[in-house]
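This report describes how two protein chains meet. The sequence and structure are shown first, followed by an account of the contact.

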Amino acid sequence: MIELLDKVDKPNVIENSCLLQGKEVLASSFTPDKKNHETIAKQAFNYVFLNVARMNAKHNEAHLEIGDKRLSGFILKPELVLVCMSDKACNIALVRDHVAEVKKLFLQEQVNRMLA
Amino acid sequence: MKDHKILFTGAVCAGKTTAIRSLSDIETLDTDAKASDVTVRRKKNTTIAMDYGVLELAQDSRVHLYGTPGQERFSFMWEMLANQFAHDAIGLVLLVDNTRKDPFRDVRFYVKEFGEYIRKRRLIIAVTHSDIEPNPGYNDYLACIRELGLMATVMFVDVRNPKTVLSIVEELISAVELEINWAEVGERILDHNGFSLDFYKPIYEETLLDAAMNKRGILGAMHLGAEQEVLSSNIDEQQSVALLKSMHKLSSAIAQKSELVGEVSNIVVGGPAVRTLSMFSDDDQALCLCSERDVSLPVLKQQASDLLQWSRENDYLA
Ligand SMILES: Nc1nc2c(ncn2[C@@H]2O[C@H](COP(=O)(O)OP(=O)(O)OP(=O)(O)O)[C@@H](O)[C@H]2O)c(=O)[nH]1
Ligand SMILES: [Mg+2]
């Protein structure tokens with residue numbers, strides 16, 4: 001799964017990423033000096049998507065700007081959230097487009113794992 | 001009849017409208033001197049065109065008071081006031097809110113904006129809200145204007161008190177009008193039965209929500225206080241309201257923990273078939289917006305900061 005995260009990270013767009021299942025980090029490319037960001041992302045997106053579900057809302061992505069970074073969370077499938085960290089100045093459309101591309105790969109990987 | 005003119009300017013909430021109203025309508029005077037910082041920031045109205053009032057000084061003498069709107073998006077009005085309505089004013093009063101993160105930045109900003117104007121007339125820097133935030137103090141302001149190479153008078157005032165606003169007027173007008181009985185004018189202002197101001201009109205004010213609704217793609221807005229209480233809102237959907245409140249709660253929770261990574265400036269949620277919900281936080285308040293899907297985040301950010309005049313970044317001032 002970490003190999004997939006390598007495909008997520010992209011110079012000048014996505015600096016670090018991780019995959020969340022509930023409170024568990026399944027895989028992460030966050031470097032030790034960025035662990036605080038990972039922790040915040042984990043708690044924040046859990047909270048946000050929990051509220052979204054509780055409200056029966058259909059929102060499936062969330063962005064949080066903190067300091068000079070932007071944390072983006074995308075629901076890949078129920079219970080599975082992809083977190084990407086970018087520079088605040090980075091165009092959010094680039095992040096979105098890139099995530100849409102790798103989303104398919106993730107889902108394929110999930111299917112493969114289930115079949116294995 | 002001798003007609004004098006004074007132009008008031010300054011950032012949002014500096015007190016321009018209050019100053020001009022103070023001399024006009026004693027009944028709207030807010031006498032609660034203990035208003036907390038939070039209360040002060042929960043201002044509902046912002047001036048969008050200009051303030052205007054007339055104060056009678058003597059039988060044959062009066063002063064016209066003009067105030068600019070604070071928001072930068074109305075800066076075209078500043079020019080109009082400086083070049084037309086108040087082109088022959090005797091002085092400029094720059095109101096500075098001492099609770100701003102960097103009040104000197106405001107001084108530098110307005111001195112630059114009104115550079116040409118100030119060169120030809122007197123400048124008074126009138127510091128407000130010093131009851132809430134006493135620093136920077138008088139000497140700090142003197143140092144600031146010295147550094148900018150300015151000739152200016154610094155006064156600490158509470159514009160809710162008509163007498164202090166009158167002292168500004170006196171400071172400017174007494175140089176050219178020797179015969180005015182200022183004590184008498186002061187008494188008259190404070191006397192309910194003898195309105196000295198014949199005419200007061202905030203030409204047009206709009207609320208934060210109105211201003212939000214005038215922006216492209218915005219479908220609703222909500223203004224929240226520090227405890228997630230709703231200060232004003234026109235978002236009807238309970239689902240959206242609840243989500244936005246939870247986002248504000250989240251940003252407050254993170255703010256308490258994470259000095260290491262910086263402050264949360266905004267949280268946005270979106271999706272393919274939904275309206276975008278966004279929350280922009282400040283120290284003790286937040287602006288929440290409900291917008292069309294196609295409004296981009298940079299545009300939303302720009303709109304929000306324009307609406308609340310938060311993190312205005314004037315690079316050349318930094
Ligand atoms: N505590 C305190 N409050 C003040 C002082 N001066 C003004 N205020 C309050 O600050 C607020 C200023 O609001 P306005 O007069 O509407 O500000 P403005 O400069 O016209 O703002 P815009 O029209 O939005 O540009 C009012 O609520 C005043 O009562 C002061 O010295 N101390
Ligand atoms: Mg005003």
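How many residues does the contact take from chain B and from chain A? In this predicted model, chain B contributes 27 residues and chain A contributes 25 residues. Between them the chains bury about 2100 Å², with carbon and sulfur atoms accounting for 64% of that area. Of the area that chain B buries against chain A, 23% is supplied by B:Gln239, B:Leu243 and B:Val261, more than by any other three residues.

Polar interactions also join the chains. Eleven residue pairs are in polar contact between chain B and chain A, both residues being at pLDDT 80 or more.

By residue class, the side of chain B that touches chain A comprises 14 nonpolar, eight polar and five charged residues.

Strand pairing links the chains as well. Strand E3 of chain A (residues 61-66) pairs with E12(B) in the antiparallel sense, over six bridges. Within E12(B), B:Asn266 is the bridge partner of A:Glu65. A:Glu65 also forms a salt bridge with B:Lys301, in which the closest N and O atoms are 3.0 Å apart. The count of salt bridges between chain B and chain A is one.

Technical notes. Residues numbered from 1 in each chain as written. Chains lettered and ligands numbered in written order. Predicted model: local features only at pLDDT ≥ 70, side-chain atom pairs only at ≥ 80, totals over all residues. Heavy atoms only, no water. Contact = heavy atoms within 4.5 Å. Buried area = accessible area lost by both parts, 1.4 Å probe. Salt bridge = Lys/Arg side-chain N within 4 Å of Asp/Glu carboxyl O. Polar contact = N/O pair within 3.5 Å; in protein donor to acceptor, adjacent residues only side chain to side chain. Nonpolar A, V, L, I, M, F, W, Y, C, P; charged D, E, K, R; others polar. Pairing = 2+ DSSP bridges. Helix = DSSP H or I, 4+ residues; strand = E, 2+ residues; numbered from the N terminus.
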